[in-house]
Each structure stands twice: as structure tokens, then as C-alpha cells.
Amino acid sequence: MTAPGERVDNSPGDLPTGSLGVLPNNLSNNPPAKPPAKPPAKPANNPPTKPSGFRQFCVLFNRDIKQELRTRQMLSSMGIYALLVLVVFGAAFAHTGPVATSGVAAVLPAGTPASPPTSPGISLISISGGLMWAMIVFTSLLGLARSFKAEKEADGWEGVLLVPLDRSLIFLAKACANLVFLLVVEAVTIPLFYVFFLSGLELAASFWLVAGPLLVGSAGIAGVGTLLATLTSGTRGTDVLLAILFVPVIFPLLYTVVAATTAALVGSPDMALDYARPMVLAAAYDLIMLPVCWLLYDFIVST
Amino acid sequence: MCEEAVKDKKTTERDDKAVVEGAATALADRMLLPLLVAGALLASLGFVLAFTTAPLVVGAEADVPALIGGQMVTHKLLLSQKIFFFHVPVAVVSFIGLFVMALYGLRFLRQRDQIYDLKAMVAAEIALLFIVMTMLSGELWERFEWGVWWTWEPRLTTYLILMLLVIAYFILRAGIDDPERRAVFASAFGAIAFVDGLISLAVTRLIPAGAHPVVFRTDSGLPPAMLVPFILTLLGMLLVAFGLYRFRLRERRLHQQLDELKASYENQKGMH
Amino acid sequence: MDSILAEIYSTVLPAAPYVIAAYALIWLVLLAYVAVVISNLKKTEREMAALREELQRQQKD
């Protein structure tokens, strides 16, 4: 089987010669008297070349994005799921107010000033970094699982595999597309998170530094998640298998990124230690794991 | 055809390699029992030395200093630190097991010989075994030192993640029926798991968890009296691990051969 | 022992059960694994013997 870019050349020199090394005359394609003829259809100077890697990447990437934009299925389900996670968190922290001995939230007497009646009694700011990332991890688990399901169902996957290109490019395109989706969902849900849990709390001046861990963490989640989602989509397992594989693998990244986010939100006297060091480690995770995933993807998809 | 000649050459090369490997395998299997016994003995020797010759490590400060054996002792002496002598060697062996698993996984990806996948799986089993041992001893050490059943301190957290990674490896294997595909996927995940384990190890130690300070009493270098039992136990455990690995490998290969025989028997029966 | 020494060694006895338990558990896990492998081996050998018998019976027919 020849790839689209290869030339097909029928001159006798290319015929399989077998163990004899020489073709008997009456078996060659061309009768001995005729000089070897070149196939007339061959283009003269420029055989069709494979499109460059970057072009291929763009095509795949655009394809993924367009597919999602058409149905908006993944984005909307991710967004709604994030919202639901926030609601669960809300229930989790609803009763952190002043509690009477009977266990029911105390009813404050009429004249008490202070915080609005239903705000959490404890300051959530120290755990807010962790909560945020918990939401992101759960949401991305859902999104990653679905991103492959839809494609497999439509049989578009087989078509992509037939194209003779560097399989790792598929990984890059898919991972970037997933990253974009994740960032879009984050752009909507993080402000929501702020509204639900952080408004009224004193955020440190460095809160904008949260963008750093968000970017680095999302990149890692998208890359590793894409590989693992491809892995599990070919197995008998359910979405749970993806979670089983995903959570331990993403744990180091999660650990560093939560540390950095908390440092950014809470503010700390020693930002170099509390923010820069986790950021460096998170970046190291990305720099190590993403190339590993890139290299392994070819093997996984080719099976 | 030329291709057949090439194939024949490759087969004879593989046969030669198989003969050499077969000899090595036979040797390793013959030495199985002595290996295991030697390993157990070494580990026990290390254990005994750990208790007799290694000096007790200092803990909290005692109220009044005392003179013991000609030396001024100002702190309480800890026995619980002795767990270190079998906790750490076991942890080291588990990491080696993980490394072997990842290595054989990569070899499979390159050479596509199912034996490497089998070896990777057995290595993963051994690694899991030693991870469990690490966690049990670490758990007991933790319980005594800090009085709690769990903290998110570097050692325990890293090992929890490692344990989850290896368990995930086995669950992944269980979810795929086609042997070729199972081997490829398992090899890929094995490589990822190993790299991830290393990163976990580094990350949990470089970022303080905050809740409980980790006191690594032994990070100031080991005096030789402590080093000897440690090395002995480490070597002993390594030998035990290797022995168990070959034992399990032999059992799995036998099982595989049995399955193949069963399959061909069924085929023959079907043909009659 | 006089009271000072008693205090210095005060954590030894309470720690002993944990240390012993750690050691015992480690070896227990190893032995459990060996037991599992041996039982698997025996099962495989039994099945092989059965298969061999079947083959011999078939060849006789």
C-alpha cells in the first residue's frame, strides 16, 4: 500500500526479483524489445508532497473545534457539571456557621451584626484553592471521557487513523483542543466559584497570580487526560477506568498546582517559596509528562 | 524468496538468543531456593544487627541527662525508629520493581515479544507486594510516632499514589481481552506510572504539606553502625524479591503453556 | 532502673509492639504471596496432568 505522496514506478528494476535475482525474460512486464516506459500520469517535477506537520495539526485541531462548536455538547455538559459540583460544595459548607449544641445551625438573635446569615462561618480561603481544583479535575474527567465517546460513535476515529500522518500529531491536536475546551469552561466557572464562595472574603493582592497554575495545570490535565482517554476508550472499561487511571497520574500536578493557587489566593510573606517553587515543579511535571505522552501515543493508537 | 531467507536468519538468531536465555533462565531457576533462603537470611541478619549494634536514635529531650555506657545522653531514646531498617529497604525494592516493570514494558513496545509483557506484569506484582509492605510498616511507624492513623506527609502520600498507580495498572490489564493490545496499553501505562511515581516522590518532598512536620531523623547521614544493618537488609530484600519474581514468572509461564495446550487440544477435538 | 534512665527509655516498651508488628506483617505478606503462587502452581500442575491423561486416552481410541 502506498501513501498518497509516493510515486508508483513500474520500471522492471522495481519488480520483485525473488530468489533467482533475475527475472526470466518472458515474465517481465514489458516485452524485451520495448524500452522501459515511464507511466505518463506521473507529474513531471513536483510529486504531491505530504502536507507539513503544522498544516496537518491545524486541520485536525480545527476539525475537533468545529465538531464541538457544532454540537456544543461537551462544553455545555462540562459547564453544567462544574456548576453541580459547586452546588455540592455549597451544601458541604452550608453548616459551617455558628452551631448550637443540638447540631442545628443556631438562629441568631435579632440584633446581631456581622456576616450575612448564610455565609460560611469559617473562612474558606485556605481551602479555596483545593476546592477550585477539585472542581476542575472532576469536570475534566467528564469532558475527557465524552470527547472520545462521541468520536467513536460517529466512526470518525477510523477515518482519522487511515490518514498516513504522524500519529503523535493526533495527540497534539486532540490535547490542544481539549485544553481549549477546558480553558473555556474554566473561564466561566472560576468567576462563578468566586461568586459562590469567595465574595466577601479578603483575597490577597496576588490573586491574579492564579492564572499561572490555571494555565500550567490545565495543560497537564489536557495532555495526560487525552492520552489516558484514548487508552480507556479502547478498553472494556467504563468512565470509572479513566478516573482510576487519571487521578493517581495527575496527583503530583494537582498537589503542586493547589499549593501555588492557595499561595496566590491567600498571599504569603515568602512568595518565592510558596508560589514560585510549586509553579516550577508543576512546569517540570508538564515538561516531563507531556513529551512522554507524546511519545507513547503513537503506540497506543496504532494498535 | 529473499524474504524467507531473511526470516530464517532471524529465527536462528532468535533461537540462539533463546538458547542462551534458556540457559540463564535455568540457572536462575535452579538457584531459586538458595536465593530465597540467602535473601531471608541476609534480611534477618540485618534485622538482628539493627537491634543489637545500631545505636538508638534520639527523640524528645529528656528532663535530666544521664550517663549511659560512658556517654552523656540528653534525649529519650527511640525504639520505633528501628522500623526504618526494614521500611526503607522494602520501599527501595518496590521502586526497583516499578523500574523493572517500566523497562520491560518499553522493551515490549520495541520488540513486541509477549514474554516481556509477562515479565513486566510479574515485576508489577512484586512491586505491589513491596509497596504494601512499605505502607504497613510506614503506617505502624506513623501511628506510634504521631498517634494518628494517617497524615498527608511525603512518605505515606507518595506510597499511596504508587499503590493506586499499580492497582490501576492491574485494573487496566483486566479490562482488555486481546493480548497484544493489553500488552501495548499496559506497557504505555506502566511507563507513565513509573515517571509519575518519580515525580510524586520529588514533589511531596519538595513542597511541605504543612499539617505535620516531617522529621527525618536519618537525613543527617548514617553512621556506619546503622549503615551495615541497613545495607544487609536491603540486599536481603533484593534477593528475596528477585527470587519471588522468578518463582512467579515460572508459574505464570507454566500457566500460559497450559492454556496454549488446552487451546490446541480444543482445536483438535473440534477437528475430529 | 533509676528514674532518669526510666525516663530516657520510656518510649521503648510502648514502641515494641509496633516494631514487632511491622516486622511480622512484612514477613506475613511475603509468605502469603508465596502461598498464593504455590497454590496456583499446584492447580496448574493438576490441570496439566488431567490434560495429559485426556490426550493419552484420545490417542488410545
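Let me start with one helix pair in chain A. On the helix 6 side, the residues involved are Pro213(A), Gly217(A), Gly220(A), Ile221(A), Val224(A), Gly225(A), Leu228(A), Ala229(A), Leu231(A) and Thr232(A). They meet a set in helix 7 of chain A: Leu241(A), Leu242(A), Leu245(A), Phe246(A), Val249(A), Ile250(A), Leu253(A), Val257(A), Ala260(A) and Thr261(A). By class, the residues of this contact divide into 15 nonpolar, 5 polar and no charged.

This is a predicted model, so please hear every value as computed from it.

Now the geometry of that pair. Helix 6 and helix 7 of chain A pack at an angle of about 170°, and their axes lie 10 Å apart. Helix 6 of chain A is therefore roughly antiparallel to helix 7 of chain A, since angles over 145 degrees are put in that class.

Next, the interface between the chains. Contact involves 30 residues of chain A and 33 residues of chain B. Between them, chain A and chain B bury about 2900 Å², with 78% of that on carbon and sulfur atoms. Which elements of chain A give two or more residues to the side that touches chain B? They are helix 6 (211–233), helix 7 (239–266) and helix 8 (271–301) of chain A. Helix 8 of chain A supplies the largest share of that side, 11 residues. The residues on this side of chain A divide into 22 nonpolar, 6 polar and 2 charged.

How many salt bridges does the rule find across the interface of chain A and chain B? The count is 0.

Last, salt bridges elsewhere. One of the salt bridges joins Arg112(B) and Glu180(B), whose closest N and O atoms are 3.2 Å apart. This pair links distant parts of the chain, 68 residues apart. Arg112(B) sits in the loop between helix 3 (84–111) and helix 4 (114–146) of chain B, while Glu180(B) belongs to helix 6 (residues 179–206) of chain B.

Terms used: Residues are numbered from 1 along each chain as its sequence is written. Chains are lettered from A and ligands numbered from 1 in the order in which they are written. This is a predicted model: local features need pLDDT of at least 70, side-chain atom pairs count only at pLDDT 80 or more; totals for chains, interfaces and linings use all residues. Side-chain values use heavy atoms; hydrogens and water are left out. Contact means heavy atoms within 4.5 Å. Buried area is the accessible area (1.4 Å probe) that two parts lose on being put together, summed over both. A salt bridge is a side-chain nitrogen of Lys or Arg within 4 Å of a carboxyl oxygen of Asp or Glu. Helices (H or I, at least four residues) and strands (E, at least two) are DSSP runs, numbered from the N terminus. Ala, Val, Leu, Ile, Met, Phe, Trp, Tyr, Cys and Pro count as nonpolar, Asp, Glu, Lys and Arg as charged, and the others, Gly among them, as polar. Axes are lines fitted to C-alpha atoms, for helices over the stretch in contact, and angles run from 0 to 180 degrees between N-to-C directions. Angles under 35 degrees count as roughly parallel, over 145 as roughly antiparallel, 65 to 115 as roughly perpendicular and the rest as oblique.
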